[in-house]
Amino acid sequence: MQALRIVLLSTAFNGLTQRAWLELRESGHKPSVVLFTDADEVARQVREARPQLVICPFLKDRVPAELWRDSPFPVVIVHPGIVGDRGASALDWAIMKGEKRWGVTALQAVEEMDAGPVWSSREFDLPPGIRKSELYNGPVSDAAMYCIRDVVEKFVGGYQPQAVDYADPQVAGRLQPNMKQADRAFDWRQPAGEIKRRIDAADGQPGVLADLAGGRYFLCDAHLDHRTGEPGRILAVHDDAVLVACGDASLWIGSVRRQPAPGEETFKRPARHELGRLLDAAPRLEWAVDTHPHCEESYQPIRYREVGRVGELTFELYNGALSTEHCQRLVRALQWAKRQDTRVLLIRSGRGSFCNGVHLNVIQAAERPGEEAWRNIQAIDDVCLEILTAPQLTVAGAGGVMMALAADVVLARQGVVLNPHYATMGLYGSEYWTYTLPRAVGGETAARLSGDCLPIGARQAWRLGMVQDIGPRDPETFGSWLLSMAGAAERNWPELARRKQELDPARLQLCRRAELDEMRQDMLENRRGFAERCQGFVLKRRACRTPERLVEDWARVAD
């Protein structure tokens with residue numbers, strides 16, 4: 001296919017935009033990114049870049065009129081709803097209403113939001129019990145990639161988008177209002193499953209505002225439990241979560257954000273951290289891999305099982321962020337798992353991200369954020385060291401990068417986006433990356449990847465040697481595939497099993513010391529602006545401009 005000049009106009013270079021950028025590059029195009037800042041400036045940048053096609057994979061703002069009305073190129077919006085659906089709360093309503101089927105529609109920008117003619121659409125089964133963040137990063141992202149590829153092919157073929165015919169009985173979508181907190185509200189006397197669905201529909205953003213421990217908080221990260229009690233009462237605390245009684249059962253709530261006072265900014269924190277002394281009277285429930293390895297509790301962020309000679313250690317931490325405490329728990333679990341009579345140790349996440357690095361929200365909430373960041377990075381290094389020094393052959397089922405590279409074998413899920421760099425957060429980086437990344441791809445490529453600060457896809461990671469194989473996209477199917485691949489790991493990758501014997505502890509220590517010497521300056525002395533970037537990330541501050549690394553040469557305009 002002919003390479004097109006495509007602009008990706010987006011509110012942020014988020015996971016979906018990154019995946020669209022990668023998919024278009026894999027197809028031979030050179031997409032250039034414009035992040036939405038000021039409407040007039042964005043219109044100028046896009047217009048002067050002279051693209052042939054503009055695609056908006058993630059846009060919270062209205063497309064400037066001069067782009068959709070007066071430009072020679074079409075502007076196509078990727079909307080997370082079925083054909084005919086309109087409104088900013090598409091996924092929220094789909095989960096709240098318990099829809100069985102949902103989809104993504106690519107439509108041309110017009111004056112009315114989401115009302116333009118359709119270029120492409122893709123439907124999928126809506127998995128029961130799925131959170132909005134998981135839905136967005138999974139089925140929605142997959143359907144969006146199909147639509148984007150379809151739009152490009154149709155554009156090359158001269159296709160004309162089709163207006164939506166609401167009289168057609170097959171058009172099920174309709175205009176839906178923006179969901180308000182009044183729509184999300186619940187009473188703790190309602191069934192736990194019903195409350196969970198409301199929290200799932202708001203997961204990530206904005207959360208559900210509810211009464212808890214005498215205050216008002218936005219709730220996220222809900223998990224069902226069988227225990228009962230007085231509705232609304234906190235029954236117990238475990239790790240970072242609090243157990244709240246509902247009408248028929250209870251819910252573990254893992255993450256909350258305090259309702260801000262006028263003019264105040266607040267952000268999500270682990271529930272136990274935010275509620276603090278309000279939990280003094282609540283019972284502490286304790287179970288962990290090293291003390292209760294065969295625990296049957298419904299809520300287990302870190303869990304272990306054995307299948308044949310494979311030990312499977314799963315950690316399912318909210319948004320893939322590892323706080324200092326998370327790392328300490330994971331270290332204890334790894335140390336226990338390493339002592340078991342197994343040949344292979346499979347280390348994997350659940351349905352979410354494998355590891356997105358240190359927990360920036362916990363860091364930002366600390367009295368001295370730099371010092372907490374310093375503790376956190378040393379703790380995550382401890383996790384990596386346990387993986388590197390495991391006597392078993394280690395297999396990582398990865399959706400992250402640097403920590404996964406500590407394993408002997410790295411297996412990725414199809415469609416994942418990897419970011420093998422730290423500099424965009426104002427950090428040199430740690431996690432033994434100066435040892436594991438060159439070991440995987442060579443020194444020259446490692447320097448390029450860490451310096452370019454660009455995402456890479458699973459296929460590119462496989463070609464580079466960072467990933468040994470790519471498995472199914474579906475999380476459940478991927479989990480079964482991971483286990484089968486781990487069982488055959490010694491046979492499939494004997495050279496990696498032999499490489500374990502060549503591990504040099506002295507070199508590992510030198511790498512760690514050198515990395516931490518750099519990180520001390522970044523985290524404690526703030527030499528590259530980590531403190532400001534951490535705060536901006538946590539408070540979801542918009543980018544002031546599009547980073548130069550995301551602008552292609554053909555799209556550069558004079559200042």
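Colleague: Fine. What kind of model is it?

Modeller: It is a predicted model.

Colleague: Start with H9. How many residues does H9 have, and how far does it reach?

Modeller: H9 has 15 residues and reaches 21 Å from its first C-alpha to its last. That is close to the 21 Å expected at 1.5 Å a residue. In the numbering, H9 covers residues 324–338.

Colleague: How many residues of H9 are buried?

Modeller: The count is 11 of the 15, so H9 is largely enclosed by the rest of the structure.

Colleague: Which ones are they?

Modeller: The buried residues are Thr-324, His-326, Cys-327, Arg-329, Leu-330, Val-331, Ala-333, Leu-334, Trp-336, Ala-337 and Lys-338.

Colleague: And what do the buried residues of H9 pack against?

Modeller: Their partners are helix H8 (271–275), strands S13 (302–307), S14 (310–315) and S15 (344–349), and helix H11.

Colleague: Take H11, then. At what angle do H9 and H11 pack?

Modeller: The angle is about 15 degrees, and the axes of H9 and H11 are 9 Å apart. H11 runs over residues 369–388. Angles under 35 degrees count as roughly parallel, and H9 and H11 are therefore roughly parallel to each other.

Colleague: Is the crossing of H9 and H11 left-handed or right-handed?

Modeller: Left-handed.

Colleague: Which residues meet there, between H9 and H11?

Modeller: From H9 there are Thr-324, Cys-327, Leu-330, Val-331, Leu-334, Gln-335 and Lys-338. From H11 there are Glu-372, Arg-375, Asn-376, Ala-379, Ile-380, Asp-382, Val-383, Glu-386 and Ile-387. By class, the contact of H9 with H11 has 8 nonpolar, 3 polar and 5 charged residues.

Colleague: New topic, backbone. Where is the cis peptide bond?

Modeller: The cis bond joins Gln-205 and Pro-206, with omega about 0 degrees. Pro-206 sits in the loop between helix H7 (192–200) and strand S7 (208–212).

Colleague: And Asn-319, what is its phi?

Modeller: Phi of Asn-319 is near 60 degrees, which is positive in a residue other than glycine. Asn-319 belongs to the loop between S14 and H9. With 44% relative accessibility, Asn-319 counts as partly exposed.

Colleague: Where is Asn-526?

Modeller: Asn-526 is in the loop between helices H18 (505–523) and H19 (530–538). Its phi is positive as well, about 55 degrees, although Asn-526 is not a glycine. Asn-526 is partly exposed at 25% relative accessibility.

Colleague: Last one, Ala-365. Which helix is it in?

Modeller: Ala-365 is found in H10, residues 360–365. The relative accessible area of Ala-365 is 29%, which makes it partly exposed.

Colleague: What is Ala-365 in contact with, leaving aside neighbours within four places in sequence?

Modeller: Phe-267 and Arg-269. Val-151, by contrast, is 43 Å from Ala-365, C-alpha to C-alpha, and 214 residues apart from it in sequence.

Technical notes. Residues numbered from 1 in each chain as written. Predicted model: local features only at pLDDT ≥ 70, side-chain atom pairs only at ≥ 80, totals over all residues. Heavy atoms only, no water. Axes fitted to C-alpha atoms, helices over the stretch in contact; angles between N-to-C directions. Helix = DSSP H or I, 4+ residues; strand = E, 2+ residues; numbered from the N terminus. Parallel < 35°, antiparallel > 145°, perpendicular 65-115°, else oblique. Left-handed = near helix turned anticlockwise from the far one by under 90°. Contact = heavy atoms within 4.5 Å. Nonpolar A, V, L, I, M, F, W, Y, C, P; charged D, E, K, R; others polar. Expected span 1.5 Å × (residues − 1). Buried < 20%, exposed > 50% of the residue type's maximum accessible area, 1.4 Å probe, protein only.
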